Amino acid sequence: DIECLLNCVKDYALEHFEYDTSKNQMFQHFDFRDTVSTNKGICFDFSCFLKSCCLVWSEHTNTELKVYVVDVCKRKNILVPHHSYNVVMMPDGKNYYIDLTNDLALNKKGKDIIGIEVFYTSIKTYAAKYGETVLNYH
């Protein structure tokens, strides 16, 4: 099921990936091969990786789901670097939030990760709950 897939991708990321501080967050370009071969990336890379895994799983299992990379900004100045995470939307209205980058940072500090959070509102309503402005979701 989708929760199992999301947990497997999260576990893989926690075991293999690290944040690449040398990348410029303002120029987002996802290269699956580069992310997997170097085990490094930024939030956009990790979000695209999870989306790719979900889309392959969806195609293989004939499961209808919508997977989004959500770009948000927590600051008033929209030109500053922003953050990306994932939302997986199921046909029954159940939505899954997963932020691999945040979990990587928490795990590195020895803190409990957030993992997968379930919500039933729109993406924009969910983001606003945390003071985020949704710039785009794709």
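Modeller: Ground rules: strands pair if DSSP finds at least two bridges between them, and helices (H or I, at least four residues) and strands (E, at least two) are DSSP runs numbered from the N terminus. This is a predicted model, with local features needing pLDDT of at least 70, side-chain atom pairs pLDDT 80 or more, and totals for chains, interfaces and linings using all residues. Numbering runs from 1 along each chain as its sequence is written, and side-chain values use heavy atoms, without hydrogens and water.

Biologist: Which strands are the edges of the open sheet?

Modeller: Five strands line up as β6-β5-β4-β3-β7, with antiparallel pairing. Two of them pair on one side only: β6 (116-119) and β7 (133-137).

Biologist: Which residue in β7 is the bridge partner of Cys73?

Modeller: β3, residues 66-73, runs antiparallel to β7, with four bridges between them. For Cys73, the partner in β7 is Thr133.

Biologist: What angle does α3 make with β4?

Modeller: α3 (residues 43-61) packs on the sheet and touches β3, β4 and β5, contact being heavy atoms within 4.5 Å. Taking N-to-C directions of lines fitted to C-alpha atoms, for helices over the stretch in contact, on a 0 to 180 degrees scale, the angle with β4 is about 20°.
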